[in-house]
Amino acid sequence: MTHDAVPAPGHALWDYQPITAAPGPVWPGGRRLAVYVAIGLEEYRFGAGQTEDIVPGVAAPDLVNTSWRDYGNRVGAFRLLERLERNGIPPTVLLNTALYDTAPELIATARRAGAEFVGHGVSNSDSLAAMSAADEAGYLRAVAARIEAEEGSAPGGWSSPWLTHTPSTLDNLAAAGYRYLLDLRLDDRPVPLATGSGPLLALPYALEVNDSTTVVGRAASATEFADMVVDEFDELLERSEEQPLVMSVVVHSFISGAPFRLRALDRALRHLSAHRDRVWFTQPRAIAAHLAAQRTDQRTDQQAGAVAVPARGGVA
């Protein structure tokens, strides 16, 4: 039986390749498991668009859920960044660019912590789903331009508000200069996506080891979520002996930044960091850069190994 990639049934967005296929490159330092932790730093328009609520059905004006979400940008995010630093884990920030205007001190703190800023829309009240192809393309470019203006370089990564997409999203992302997408969990390894505008990589993104879908969406307790983080890590660390893998944890400032959830999450992070001799705690940009360097090295080796055929009567 061969393990060559074949088109996935029903769509042509990515090829099918089983986990039993040939392993990819080892991570830096010979480590087998790469782990990144993403913090959603989000801004919502008051009284308009989509919202994430902890208390459902509050009549307008909804001060209750607004205050809960704003706690994340005033308190929770600072404490999450502190906990990651304490555990030696570099932060990845899923950034709504409106925060440059509404919470500049938070952005400055994340920047000092060495955060990678991943494009996450202007506001989390937005959704790509209702946009035309042209409007979506302009929106993606505007987010990248704002981050580049503030940080000095454009973001390499994108994560959609509400994980929404249009038929044009992958093409528009590649055309706008994004190199990797943090929205999909189709594998425990990075997977190339098919676009008509250039290369785009899907980096494993936690859809369940994610406090939004699990704590808010499924009412998991703080302890249950922390146990999920630990169990995911232990299983992938064991499996990474077979081949290099990627693990992600996704948290939000107003959810896991709450004191009782933060305490439980910190126990999980300490468990992860105790294995740093075997784990590469990193950011999406470093994963993508490592893979790109490996591809370059492979092409160089292939070229160096090519045998020149001498012309008749000539010298090779």
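1. Where is the place of P61? In this predicted model, P61 sits in the loop between β3 and α1. The peptide bond leading from A60 to P61 is cis, with omega near -5°. Most peptide bonds are trans, and most residues other than glycine have a negative phi.

2. L163 has phi near 55°, a positive value, and is not a glycine. Its place is in the loop between β6 (157–158) and α5 (169–175). L163 counts as partly exposed because its relative accessibility is 28%. A219, also not a glycine, has a positive phi of about 60° and lies in the loop between α6 (211–218) and α7. With 62% relative accessibility, A219 counts as exposed.

3. Helix α3 covers residues 104–112, and L106, I107 and A110 are buried in it. Viewed down the axis of α3, the buried residues fall within an arc of 100°, so they line one face of the helix. The face turned away from that buried side carries E105 and R112, which are exposed. After α3 comes G114, with a positive phi near 80°.

4. The cover over the buried residues of α3 comes from several elements. Among the strands in this cover are β3 (33–41), β4 (91–95) and β5 (116–119). The helices in the cover include α1 (63–86), α2 (99–102) and α4 (133–151).

5. The largest pocket holds about 1,100 Å³ of space. Its lining consists of 40 residues, and those closest to the pocket centre are P190, V191, P192, L201 and R295. Elements that give two or more residues to this lining are β2 (15–16), β8 (191–193), β9 (200–202), β10 (245–252) and α9 (284–305). The most comes from α9, which gives eight residues. By residue class, the lining of the largest pocket has 29 nonpolar, four polar and seven charged members.

6. The second largest pocket has a volume of about 240 Å³. It is lined by 14 residues, and E52, W162, L163, S212 and H252 lie nearest its centre. The lining of the second largest pocket divides into four nonpolar, eight polar and two charged residues.

7. Is S240 buried or exposed? S240 counts as buried, because its relative accessibility is 0%. It lies in the loop between α7 (222–239) and β10. Setting aside neighbours within four places in sequence, S240 is in contact with R32, L33 and L245.

8. The structure holds 16 salt bridges. One of them joins E208 and R218, with the closest N and O atoms 2.9 Å apart. This pair links distant parts of the chain, 10 residues apart: E208 is in the loop between β9 and α6, and R218 is in helix α6. E208 is partly exposed, with a relative accessible area of 43%, while R218 counts as exposed at 56% relative accessibility.

9. In helix α7, E235 forms a salt bridge with R239. The closest N and O atoms of that pair are 3.3 Å apart. Because E235 and R239 are four residues apart in the helix, about one helical turn separates them. E235 counts as partly exposed at 40% relative accessibility, and R239 counts as partly exposed at 40%. Elsewhere, salt bridges with shared partners join E82, R83, R86, D266 and R270 into one network.

10. R83 is buried, with a relative accessible area of 11%, whereas E82 counts as partly exposed at 38% relative accessibility.

Terms used. Residues are numbered from 1 along each chain as its sequence is written. This is a predicted model: local features need pLDDT of at least 70, side-chain atom pairs count only at pLDDT 80 or more; totals for chains, interfaces and linings use all residues. Side-chain values use heavy atoms; hydrogens and water are left out. Buried means under 20% relative accessible area, exposed over 50%, partly exposed in between (1.4 Å probe, protein chains only). The arc is that of the directions from the helix axis to the C-beta atoms. Contact means heavy atoms within 4.5 Å. On a 1 Å grid over the protein atoms alone, a cavity is a set of points where a 1.4 Å probe fits but cannot get out, and a pocket is an open set with protein on both sides within 12 Å along at least five of seven lines; lining residues have an atom within 4 Å of a point. Grid points are joined across faces, edges and corners, and a volume is the space filled by probe spheres set on the points. Ala, Val, Leu, Ile, Met, Phe, Trp, Tyr, Cys and Pro count as nonpolar, Asp, Glu, Lys and Arg as charged, and the others, Gly among them, as polar. A salt bridge is a side-chain nitrogen of Lys or Arg within 4 Å of a carboxyl oxygen of Asp or Glu.
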